[in-house]
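Hello,

Here is the structure for your files. My notes on the ligand site and on one strand pair follow below.

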Amino acid sequence: MQTVRAPATSANLGSGFDVFGVALDRPTDVVRVEKADRTTIEMTGVGSQYIPEDPEKNVVGAVAAELDAPAHIKIDKGVRPSSGLGSSAASSAGAAVALNALYDRGLSREELVPIAAEGEAVVSGEAHADNVAPALLGGFTVARGDAVTAVDASIPLVACLPEIAVSTRDARSVVPASASMEDVVHTVGSAATLAVGMCRDDPELVGCGMDERVVTPARAELITGYDAVREAALDAGAAGVTVSGAGPAVIAPCRESNRRHVAAAMVDAFAEAGVESRAYQTRVSQGATLY
Ligand SMILES: Nc1ncnc2c1ncn2[C@@H]1O[C@H](COP(=O)(O)OP(=O)(O)OP(=O)(O)O)[C@@H](O)[C@H]1O
Ligand SMILES: N[C@@H](CCO)C(=O)O
């Protein structure tokens, strides 16, 4: 038997649409695997009632098939599905690490990225790596085509998850098909600033580099209270605010000393907009861990 704790992730970070990602130290999924003749799946935890246990429809079924590693897979969900916090990626990455160990496949974390990405294809039709890369490698990751670059980083963050359902499909359907050259230049400047901020463990640069004018404003429209939550987080000392993944979670990097204050301000602002929410006081951290 092998057990893995797999982290939530935030992939985009404003300026890095479909490219940047970070692993978060909470929330997490716990994935437990035991050898079996055929793959079966058992789900518990937050939102598990909405996740199919059929291996054809659950992301971990595709990962087990890719690794030719049939198993009884138990997943205790800590990362709510359709959260913008990489719920499906946490399970995919956790299963990839656990099954690789269970069957002694000897694959590196980098080699597991495309395998875990096949799990993502079950959900979205695309084997995109922007969430599974940080879930496997930890820190800050850059997914560019088939290549992934990872750097260690430790940035305090608040990830505030409202009780709103936003499907990734809907959130992708509102992304504009084109952008002006002015906006492209602005995004490149922001993305470069964010990457430097991650390399320097500087939350101010990371927050500044989240500013993006094409994808984020379109998606913010799907999140009731977003503008007020953004303003409240900035007033409380956050260095920046953006939509996490496809939403509806909203993330805000900040200094550790004011993280609690930022978290409370975001929850209060959602409440004033009539939306219940939960704020995770978290940080950029390591990838999936065997224990
Ligand atoms: N093991 C699993 N864990 C979570 N969701 C799963 C799993 N297997 C299948 N799913 C399906 O995947 C969908 C959730 O994945 P989705 O990528 O939309 O959300 P997310 O991972 O929270 O968001 P994001 O990628 O924006 O961070 C749900 O429809 C859910 O039923
Ligand atoms: N990068 C993806 C993450 C969601 O899977 C998006 O923002 O749509």
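Strand S4 (71-77) and helix H2 (87-102) each give two or more residues to the shell around ligand 1, and H2 contributes the most, with 3 residues. Helices (H or I, at least four residues) and strands (E, at least two) are DSSP runs, numbered from the N terminus.

This is a predicted model, in which local features need pLDDT of at least 70 and side-chain atom pairs pLDDT 80 or more, while totals for chains, interfaces and linings use all residues. Residues are numbered from 1 along each chain as its sequence is written, chains are lettered from A and ligands numbered from 1 in the order written, and side-chain values use heavy atoms, without hydrogens and water.

The shell around ligand 1 has 9 nonpolar, 10 polar and 3 charged residues by class (Ala, Val, Leu, Ile, Met, Phe, Trp, Tyr, Cys and Pro count as nonpolar; Asp, Glu, Lys and Arg as charged; the others, Gly among them, as polar).

An oxygen atom of ligand 1 is 2.9 Å from a polar backbone atom of Ser83. For Ser82, a backbone N or O atom lies 3.2 Å from a ligand 1 oxygen; for Val59, such an atom lies 3.2 Å from a ligand 1 nitrogen. Of the 640 Å² of accessible area that ligand 1 has on its own, the protein covers 88% (Shrake-Rupley method, 1.4 Å probe).

Elsewhere, strands S5 (residues 140-144) and S6 (residues 147-151) run antiparallel, joined by 5 bridges; strands pair if DSSP finds at least two bridges between them. Phe140 stands opposite Val151 in S6. The two strands form a hairpin with 2 residues between them, and Gly145 in the turn has a positive phi of about 60 degrees.

Regards

Definitions and conventions: Polar contact = N/O pair within 3.5 Å; in protein donor to acceptor, adjacent residues only side chain to side chain.
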